[in-house]
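Have a look at the sequence and the model first, then read on.

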Amino acid sequence: MNASTASFTPPRDRRGRSLHDLRISVTDRCNFRCTYCMPKEVFNSDYVFLERSRLLTFEEIERLVRVFVDLGVVKLRLTGGEPLLRRHLDNLVERLAQIPEIEDICLTTNGSLLTGETAARLAEAGLDRITISLDGLDNEVFQRLSDVQRPVDEVLEAIDHASAAGLGPVKINMVVKRGANEDQILPMAEHFRGTGHILRFIEYMDVGNANDWKLDAVVPAEEVLQIIDGQWPIEPAEPNYPGEVARRWRYRDGQGEIGVIASVTRPFCGGCHRARLSADGMLYTCLFASDGHDLKSLLRSGADDPALKRDLIRLWTDRGDQYSELRTEATSKIKKVEMSYIGG
């Protein structure tokens, strides 16, 4: 480490938040059409996805990550769309795992493409953990929400593959939507109790505009906790690190833990240390942002690393995002970037 690097103070935004986590979308495509993310009415055969030439290359992603590391990033999450649709993803993981400052690389997937061979290859490349989305154990509920005719057993097998490859503890994300799958809360909790996996319940959020979000479709996290506590008593657990998104709860009988992500009813904007990079190189400083910042043009116009670093510092120090703290029915109508474009 040279003297200038050692004396560098990582930037903070206008609310005093530093930058620790970078979420990287590697594709805007997905093989599911989940109703809260990529409803088929919008993302149909006429929808125009990004051409391959518009995607950041693995070399470009690695270069940007190395610049982000200089600003304090230590955790990476690879997302999509469905990230396993991006060919040779293990090559990207291997590149990122060689950056010494990176402490954790995670992948979020719907699990449908995660074979045992794929999981093992990702683990060997340096992936640390996998998070798998699953919104219910009942096939009818699962297929209705994902809007694909695939069996839920496919996702359950993917969880086993991830665990066998050492990519754990595996986290399972369940988006809970009123009138759609709240009857799956207890079956999901029962299934994953005692497995070592961590089930996390996520409040239905107004990311983007395609999902026609309504506040009355939100099942508050407190209601979820009451349902589970009524069956298996739970108690709060300390966060693993400052700014952790999920609030942790553990079963009093020692059968593991669950988490709740309550962006709607208990916003955590004040502790948000995340930035998001889209597959085509746009930087978003909030999940609910309307506009991004074009980093790909800087990369491809010949900007050097110091110039990239200066631009990122400017963008982060200008950041004042607090959408969830200001959310109303009216703000949900503001044009926002879609979840499938920047990941969750």
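Before the packing makes sense, one term: contact here means heavy atoms within 4.5 Å. Also keep in mind that this is a predicted model.

1. Let's start with helix α5, residues 139-146. Which of its residues are buried? They are Val141, Phe142, Gln143, Leu145 and Ser146. These buried residues pack against α6, which covers 152-164.

2. Both ends of α5 are worth a glance. At its start, a side-chain oxygen of Asp138 comes to within 3.0 Å of the backbone nitrogen of Glu140. Just after the helix, Asp147 has a positive phi of about 55°.

3. Next, a pair of helices. Two packed helices are described by the angle between their axes and the distance between the axes. For α3 (residues 89-97) and α4 (residues 116-125), the angle is about 20° and the axes lie 8 Å apart. That angle is under 35 degrees, so α3 is roughly parallel to α4. Their crossing is right-handed.

4. Who touches whom here? From α3 come Leu89, Asp90, Val93, Glu94 and Ala97, and they meet Arg121, Leu122 and Ala125 of α4. By class, that contact has five nonpolar, three charged and no polar residues.

5. Finally, α7 (residues 185-192) and α8 (residues 221-231): their axes come within 10 Å and cross at roughly 55°. The two helices are therefore oblique to each other, and the crossing is right-handed.

6. On the α7 side, Ile185, Leu186 and Ala189 meet Val224, Ile227, Ile228 and Gln231 of α8. The residues of this contact divide into six nonpolar, one polar and no charged.

Definitions and conventions:
Residues are numbered from 1 along each chain as its sequence is written. This is a predicted model: local features need pLDDT of at least 70, side-chain atom pairs count only at pLDDT 80 or more; totals for chains, interfaces and linings use all residues. Side-chain values use heavy atoms; hydrogens and water are left out. Axes are lines fitted to C-alpha atoms, for helices over the stretch in contact, and angles run from 0 to 180 degrees between N-to-C directions. Helices (H or I, at least four residues) and strands (E, at least two) are DSSP runs, numbered from the N terminus. Angles under 35 degrees count as roughly parallel, over 145 as roughly antiparallel, 65 to 115 as roughly perpendicular and the rest as oblique. A crossing is left-handed if the near helix is turned anticlockwise from the far one by less than a right angle, and right-handed if clockwise. Ala, Val, Leu, Ile, Met, Phe, Trp, Tyr, Cys and Pro count as nonpolar, Asp, Glu, Lys and Arg as charged, and the others, Gly among them, as polar. Buried means under 20% relative accessible area, exposed over 50%, partly exposed in between (1.4 Å probe, protein chains only). A polar contact is a pair of N or O atoms within 3.5 Å; within protein, one must be able to donate a hydrogen and the other to accept it, and residues adjacent in sequence count only if both atoms are side-chain atoms.
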